[in-house]
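Reader: I'd like to learn how to read a structure like this one, feature by feature. Could we look at it together and begin with a single side-chain contact?

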Amino acid sequence: MPDERHAGAMSDDVIQLERVVKRFGAFVAVENADFAIERGEFFSLLGPSGCGKTTTLRMIAGFEQPSAGRVLLDGVDVSNVPPHKRNVNTVFQQYALFPHMTVFDNIAFGPRSAKVPKAEIDRRVGEILEVVRLGEFWRRSPSQLSGGQQQRVALARALVNYPSALLLDEPLGALDLKLRQALQIELKRIQREVGITFVYVTHDQEEALTMSDRIAVMNKGRVEQIATPRDIYDNPATLFVAGFIGAANLLGGTVVRADGHGGSIALSAGPTVEAVLEPSLALKSGDTVTVMVRPDRIRLAGPALGDAQAPRIAGRVETLVFHGPLLRVDIRTASGSIVSAHLGTDVAIADLRPGDDAALTWDPTHSVVIPDYKADPVSGIGATEGIEST
């Protein structure tokens, strides 16, 4: 998918992939990757296992060479340049710290190998220790540190050489949930303070949404969408992106009316709903589409809607699940499809039970229309809670 970010003034791009393809025999791991990453940007490659994100990162790092296309670093073609001659550093899930060295010596290893003067090494290491908040631990060995502290040492060791970009291949994957969530915030803080481009590979949607300036969502070797976290969540470009990023109700339907920015969609799940139709979709009557509505945009419908244009889907309560800050309500419609709503805990549903009749509604502007979807002829639905991400 070409990167459309360059409309208008050219930006300061540190990494460019120009129609990059990577094949392993007959298998195409990456197909026509064509995008740029700005200097100082936190850019994530997100997708399920086997989608090509790590292979893309390895081509940027130099561990793999493209079968076709070019990889540019600071405007220079490095497609066939070995890793040690590229001004990028990589942090892996396994930190590979030297166990016999102190924190200081681990971080200083790169500059010392590059014959940087001792005074400059001391200055650099001292500065980066403060950035990663490990100044008081500089004498310790890796075995005396927690997993999160070791991760920050690995980051410091990679950053102390002032690379053009830091490449991170699922570096938080080995940590427990609480620590992983805390370090997401730390990683973003460190990236902002040092101002170096971070390219981050993950299959974890929360990580990507929390830290990234932009996200490239990949599927089966292709980049399906590149956008900000907010735009990807609110306006997914494809059915895969809609299902992969967060929970989503994906309702198959047929265009009944399309004019200007508005239109009507007859849902297989029941009603005909109003929706905002982007002119770029060029939809016409009879086209099959998906209407995506996030569960957090849906509410229980009372007897009087107050808005004749608001969609209303009726059915029976399938499940009620308490998730701490929210309540999940699943409604099974007459067509057999499930529509989910995530309600705040302040919503009064004390008398609602599985098997009860209920109805759901949402603001028509929250209906996101995705073209060219072939609905299941029985249920009329594609997915309700996202696509498997592991």
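This is a predicted model: local features need pLDDT of at least 70, side-chain atom pairs count only at pLDDT 80 or more; totals for chains, interfaces and linings use all residues.

Reader: Where does Ser164 sit, and is Ser164 buried or exposed?

Author: Helices (H or I, at least four residues) and strands (E, at least two) are DSSP runs, numbered from the N terminus. Ser164 is in the loop between α4 and β7. For burial, we use relative accessible area with a 1.4 Å probe and protein chains only: buried is under 20%, exposed over 50%, and partly exposed in between. Ser164 has 10% relative accessibility, so the residue counts as buried.

Reader: Which residues does Ser164 touch?

Author: A contact means heavy atoms within 4.5 Å. Leaving aside residues up to four places away in sequence, Ser164 touches Val14, Leu73, Asp74, Asn87, Ile196 and Thr197.

Reader: Let's move to helices. How do I check the length of α4?

Author: The expected span of a helix is 1.5 Å times one less than its number of residues. Helix α4 covers residues 147–159, and its 13 residues should span 18 Å; the end C-alpha atoms are 19 Å apart, which agrees.

Reader: How many residues of α4 are buried, and what covers them?

Author: The helix is mostly covered, with 11 of its 13 residues buried. Among them are Gly148, Gln151, Val153, Leu155 and Leu159. The cover includes the strands β6 (88–91), β7 (165–169) and β8 (197–202), along with the helices α2 (103–113), α3 (118–131) and α5 (177–194).

Reader: Now sheets, please. In what order do the strands of the open sheet run?

Author: Two strands pair if DSSP finds at least two bridges between them. In this open sheet, 5 strands follow the order β15-β19-β16-β17-β18, with antiparallel pairing. β15 (299–300) and β18 (338–344) are at the edges, each with a single partner strand, so one side of each has no neighbour in the sheet.

Reader: How is β19 joined to its partners?

Author: Strand β16 (residues 312–322) runs antiparallel to β19 (residues 357–361), and 5 bridges join the two. Ala314 has Ala359 as its bridge partner in β19, and Gly315 stands opposite Ala358. On the side of β15, 2 bridges join that strand to β19, again antiparallel; there, Leu300 has Leu360 as its bridge partner. Of the 5 residues of β19, 4 are buried, so the strand is largely enclosed by the rest of the structure.

Reader: How many aromatic pairs are there?

Author: Rings of Phe, Tyr and Trp (its six-membered ring) pair if their centres lie within 6.5 Å; planes under 30 degrees apart count as stacked, over 60 as edge-to-face and the rest as tilted. The structure holds 6 such pairs. In one of them, the rings of Phe42 and Tyr200 have centres 5.8 Å apart and planes at 40°, so the pair is tilted. This pair links distant parts of the chain, with Phe42 in strand β3 (residues 42–46) and Tyr200 in strand β8, 158 residues apart. Both Phe42 and Tyr200 are buried. Ring pairs also link Phe42, Phe198 and Tyr200 into a cluster.

Reader: And what does the whole protein look like in numbers?

Author: The protein has 8 helices and 20 strands, and 50% of its 390 residues are buried. Among contacts between residues at least 6 apart in sequence, 67% join residues at least 24 apart.

Notes. Residues are numbered from 1 along each chain as its sequence is written. Side-chain values use heavy atoms; hydrogens and water are left out.
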